[in-house]
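Biologist: Before we discuss the terms used for this fold, may I see the sequence and the structure?

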Amino acid sequence: MQYFVVMIDYGRRGREAVVDPEITRREVISRVSSGEYRNILFIHEIAENSVDDVTEAILAEAALPEIPPEDLDLQALRHDHARDLRKHEKA
(Lines give C-alpha, C1' and ligand atoms only; values in the text may rest on other atoms or scores of the structure.)
Protein backbone atom coordinates (compact mmCIF):
# COMPACT_ATOMS: atom_id res chain seq x y z
CA MET A 1 0.00 0.00 0.00
CA GLN A 2 1.22 3.48 -0.89
CA TYR A 3 -0.14 6.82 0.31
CA PHE A 4 0.90 10.41 0.97
CA VAL A 5 0.84 12.48 4.14
CA VAL A 6 0.67 16.25 3.60
CA MET A 7 1.29 18.27 6.77
CA ILE A 8 -0.17 21.77 6.58
CA ASP A 9 0.64 24.53 9.07
CA TYR A 10 -2.20 26.93 9.92
CA GLY A 11 -0.08 29.04 12.26
CA ARG A 12 -1.77 29.76 15.56
CA ARG A 13 -4.74 27.58 14.57
CA GLY A 14 -2.53 24.49 14.52
CA ARG A 15 -1.51 21.86 12.01
CA GLU A 16 -3.36 19.35 9.91
CA ALA A 17 -2.15 16.12 8.36
CA VAL A 18 -4.03 15.24 5.20
CA VAL A 19 -3.94 11.47 4.75
CA ASP A 20 -5.97 9.84 2.00
CA PRO A 21 -4.95 6.35 0.82
CA GLU A 22 -6.75 6.89 -2.48
CA ILE A 23 -4.90 10.07 -3.49
CA THR A 24 -2.15 9.67 -6.07
CA ARG A 25 1.11 11.54 -6.49
CA ARG A 26 -0.37 13.32 -9.50
CA GLU A 27 -3.33 14.49 -7.40
CA VAL A 28 -1.03 15.79 -4.65
CA ILE A 29 0.94 17.75 -7.27
CA SER A 30 -2.32 19.08 -8.70
CA ARG A 31 -3.55 20.25 -5.30
CA VAL A 32 -0.23 21.94 -4.52
CA SER A 33 -0.11 23.77 -7.86
CA SER A 34 -3.76 24.85 -7.59
CA GLY A 35 -3.15 26.36 -4.17
CA GLU A 36 -5.46 23.97 -2.32
CA TYR A 37 -2.49 22.88 -0.20
CA ARG A 38 -0.63 25.91 1.19
CA ASN A 39 1.91 26.40 3.98
CA ILE A 40 3.14 22.84 3.59
CA LEU A 41 5.50 21.66 6.31
CA PHE A 42 6.30 18.36 4.65
CA ILE A 43 5.00 15.69 2.30
CA HIS A 44 5.80 12.08 3.10
CA GLU A 45 5.29 9.12 0.84
CA ILE A 46 4.49 5.94 2.75
CA ALA A 47 5.14 2.74 0.81
CA GLU A 48 5.22 -0.69 2.40
CA ASN A 49 7.50 -0.29 5.44
CA SER A 50 9.34 2.87 4.40
CA VAL A 51 8.76 6.60 4.69
CA ASP A 52 10.29 9.01 2.17
CA ASP A 53 10.29 12.79 2.42
CA VAL A 54 9.19 13.89 -1.07
CA THR A 55 8.48 17.52 -0.22
CA GLU A 56 11.12 19.09 -2.45
CA ALA A 57 10.38 16.81 -5.40
CA ILE A 58 6.64 17.46 -5.34
CA LEU A 59 7.04 21.21 -4.83
CA ALA A 60 9.44 21.29 -7.80
CA GLU A 61 6.99 19.34 -9.97
CA ALA A 62 4.10 21.57 -8.90
CA ALA A 63 5.93 24.78 -9.78
CA LEU A 64 4.60 26.52 -12.85
CA PRO A 65 7.04 26.49 -15.75
CA GLU A 66 8.68 29.82 -16.41
CA ILE A 67 8.63 31.01 -19.99
CA PRO A 68 11.71 33.01 -20.93
CA PRO A 69 10.81 36.45 -22.32
CA GLU A 70 12.45 35.70 -25.68
CA ASP A 71 9.94 32.87 -26.26
CA LEU A 72 6.94 35.19 -26.06
CA ASP A 73 5.37 36.34 -29.30
CA LEU A 74 4.59 39.94 -28.44
CA GLN A 75 3.18 40.75 -31.88
CA ALA A 76 0.62 37.95 -31.57
CA LEU A 77 -0.30 39.19 -28.09
CA ARG A 78 -0.95 42.71 -29.47
CA HIS A 79 -3.17 41.31 -32.23
CA ASP A 80 -5.10 39.19 -29.71
CA HIS A 81 -5.58 42.22 -27.48
CA ALA A 82 -6.79 44.36 -30.39
CA ARG A 83 -9.24 41.62 -31.41
CA ASP A 84 -10.57 41.43 -27.84
CA LEU A 85 -11.08 45.20 -27.79
CA ARG A 86 -13.00 45.06 -31.07
CA LYS A 87 -15.37 42.46 -29.59
CA HIS A 88 -16.53 45.01 -27.02
CA GLU A 89 -17.02 47.89 -29.43
CA LYS A 90 -20.58 48.95 -30.11
CA ALA A 91 -21.50 48.48 -33.74
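Modeller: This is a predicted model. One may begin with helix α2, whose buried residues are covered by elements that include β1, α1, β3 and β4.

Biologist: Which residues of α2 are called buried, and what makes them so?

Modeller: They are T55, I58 and A62. Buried means under 20% relative accessible area, so these three residues of α2 fall below that cut-off.

Biologist: Why are the buried residues of α2 said to line one face of the helix?

Modeller: Viewed down the axis of α2, the buried residues lie within an arc of 75°, and therefore they line one face. On the other side of α2, E56 and A60 are exposed; the term exposed requires over 50% relative accessible area.

Biologist: What makes β2 and β4 edge strands of the sheet?

Modeller: Four strands form an open sheet, ordered β2-β1-β3-β4, with antiparallel pairing. β2 (15-19) and β4 (50-53) each have a single partner strand, so one side of each is left without a neighbour in the sheet. Neighbouring strands are turned by 20° against each other on average, direction ignored.

Biologist: How do you know that β3 and β4 pair?

Modeller: Pairing requires at least two bridges. Four bridges join β3 (residues 40-47) to β4, so the two strands count as paired, and they run antiparallel. Within these strands, H44 stands opposite D53 in β4.

Biologist: What does helix α2 touch when it packs on the sheet?

Modeller: Helix α2 (residues 55-62) touches β1, β3 and β4, and its direction makes about 110° with that of β3.

Technical notes. Residues are numbered from 1 along each chain as its sequence is written. This is a predicted model: local features need pLDDT of at least 70, side-chain atom pairs count only at pLDDT 80 or more; totals for chains, interfaces and linings use all residues. Side-chain values use heavy atoms; hydrogens and water are left out. Axes are lines fitted to C-alpha atoms, for helices over the stretch in contact, and angles run from 0 to 180 degrees between N-to-C directions. Contact means heavy atoms within 4.5 Å. Buried means under 20% relative accessible area, exposed over 50%, partly exposed in between (1.4 Å probe, protein chains only). The arc is that of the directions from the helix axis to the C-beta atoms.
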